[in-house]
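Please look at the sequence and the structure below before reading on.

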Amino acid sequence: MTLMRQQDSCVNVRSVFEVERRLSAPLYQRRFSWVSKNLDEFWEDIRLVEEGESEALFLGAIILKHEVASNPSTGTLEEFLVLDGQQRITTLFFALLAVALEWQEHGHPNDATDVAEAFLMSTRTTTRGTPRFFPTIPDTPEFISLCRKLDVNWNLPSGASFRQGRMTAALERAQSEVRARCLGEDGFNRESLKALELTIVDRVEIAAINIAERHHPNEVFNRLNRPGQPLTVGDLVKNEIFRRLAADATTAMRLYNEHWDPFEKSFANRQQLDNYYYPFTLTVNDRATVAKAFGALNDHWDKEFRGIDDSAKTAELIIKDLGQFVPEYNALSAGVSYSSTPEIATWVERLARMPAPRVTYAFLIQLLRAQRLGELSVSDAAECLRIVESFLVRRAFSGREPTGLHAVFKSLWGKNGGNPGNLVSDLQTRTIDFPDDEQLRRDIPSKPFYGRRLDGYVLCELEIDAHKTNPFSPEQLKAVTVDHLAPQSLKGTWANEFPEDKEERDQILGLLGNLVPLSQSDNSTKGSADWDEARSRLRNETIYRTAREVLEQNETWGPQQIAGRTASLAERAICRWPRPQ
């Protein structure tokens, strides 16, 4: 009974490698990551077996999933995914490769070829020279380069540039260990090398678990790694794309290097990439949940590319489909410069600086892409962006945080399609409102604005509005801090100006009228000084006009002045963030 027909068995390394099959690491698995400590333990365990202290070395378990059946007519090798145990399988492969390299080094090419053909590569006519193990695609260039050290007739994909990493270190360590065992005072010892080979293949054992066909490999891998890092939608998508190319490593590597790797690198970081998939999913199925995102994407691609029999072409089309909203998403989520008309670019910069909640992205990226492709006019797109900004800011003024907005925005593009005339009504539901002017005149003077998600953004925009143009660099806007004119900690003369009741006092201090933008250095300079001292310190130093106006125009500062300025700013806010009728 062979390894692959057993459901759960302890087998030796010979049984793992000597059969005509291929073991492949799924793309979503981490790269080879064993370091010196892991390799030290492995080779120390080998030593214990060699010296008779252990009858056999139990290396742990590998979890396999049958993926591709053998097909003699097409020459397809039977393939198994290594769902768990990739690090051990890779290390064993390099140990045997090091043995073969040692035979080669000492002028025994036939022995080197025997090891290669017995354990490292296929000898079947149609697949001759194909490695019996393949790592994840990011590790493949380094893996191929290391295999080519052995002068046998490999059938390997084209080489690609790579940086020497942990695989190289693992093979070098294996060669050092092998050399130490077969080189003595009398030179090369053929019997010692053969004995080491037999120790590795016959006395190192693994518990091999072959997962039944009914279990999906992604599900198995996810559960094996709980409570570790779960698979993201991106991991599942990536694996699904390249799973179809498992039998063609050359094509898989080309697609990875030419299409997938550039797609991943088009994002600022891994978190940005991971966060992209769900807004993208909503563009193809606005009813999809986060948990069902991968299934929704699979259904979409199965329908979109039905009838295309070329797996490589399908994979390329899927990656191209995934990338269609990347410029819009990067501009909104990471503040990447957006190539569009000045008017659109300005609105995108504002929404990125806000930042707009992620729940809005499904609508915004479709809106912006439609304008970029000429399917929506600049004026309609700009008006929609202005309405969305006003909607979010007005709700912040009225104390409505962006909870509950997911239900509004996920299907908004399908409902509205970029029609500014209907957008105000389309944004509202039974529980989600778009505050009108009178609501703002009531809420801004009565509700503390400090600590709101948009307090810094609002102060920056009111400052820009006071200049009638934007004189600030992105770096200056990013450095803005929200400061209380009357400090939160009332000491000295301040204490006499405000109510003793803490709740009432905090409500006044948090009003919009008591807030100004300051740089970090100005804020620290101001401290908790009394009004006269604060005016003296900041009047000629701060670059922010709205702060200077307060300092120059008010001899005193207290609840009355805060209330007056708050009412004035409420009118400015109503004009800056209008609500279309």
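## Basis of the model

This is a predicted model, in which local features need pLDDT of at least 70, side-chain atom pairs count only at pLDDT 80 or more, and totals for chains, interfaces and linings use all residues. Residues are numbered from 1 along each chain as its sequence is written, and side-chain values use heavy atoms, with hydrogens and water left out.

Helices are DSSP runs of H or I with at least four residues, numbered from the N terminus.

## Two helix pairs

Two packed helices are described by the angle between their axes and the distance between the axes. Axes are lines fitted to C-alpha atoms over the stretch in contact, and angles run from 0 to 180 degrees between N-to-C directions.

The axes of H17 (residues 378-397) and H20 (residues 420-427) come within 9 Å and cross at roughly 25 degrees. H17 is therefore roughly parallel to H20 (angles under 35 degrees). Contact means heavy atoms within 4.5 Å. On the H17 side it is made by Asp380, Glu383, Cys384, Ile387, Val388 and Phe391, and on the H20 side by Pro420, Leu423, Val424 and Leu427. These comprise eight nonpolar, no polar and two charged residues. Here Ala, Val, Leu, Ile, Met, Phe, Trp, Tyr, Cys and Pro count as nonpolar, Asp, Glu, Lys and Arg as charged, and the others, Gly among them, as polar.

H10 and H11 pack at about 100 degrees, with axes 9 Å apart, so they are roughly perpendicular (65 to 115 degrees). Trp260, Phe263 and Glu264 of H10 meet Leu273, Tyr276 and Tyr277 of H11. This contact has five nonpolar, no polar and one charged residue.

## A helix with buried residues

Val326, Glu328, Tyr329, Asn330, Ala331 and Leu332 of H14 (residues 326-334) are buried, meaning under 20% relative accessible area with a 1.4 Å probe, protein chains only. Their cover includes H10 (249-265), H11 (270-284), H13 (311-322), H15 (342-353) and H16 (361-372).

## Backbone features

Most residues other than glycine have a negative phi, and most peptide bonds are trans. Just after H14, glycine 335 has a positive phi of about 70 degrees. Lysine 468, a residue other than glycine, also has a positive phi, near 70 degrees. Lysine 468 lies in the loop between H22 (455-467) and H23 (474-478) and is exposed, with a relative accessible area of 73% (exposed is over 50%).

Methionine 354 and proline 355 are joined by a cis peptide bond, with omega about -15 degrees. Proline 355 sits in the loop between H15 and H16.

Definitions and conventions. Helix = DSSP H or I, 4+ residues; strand = E, 2+ residues; numbered from the N terminus. Parallel < 35°, antiparallel > 145°, perpendicular 65-115°, else oblique.
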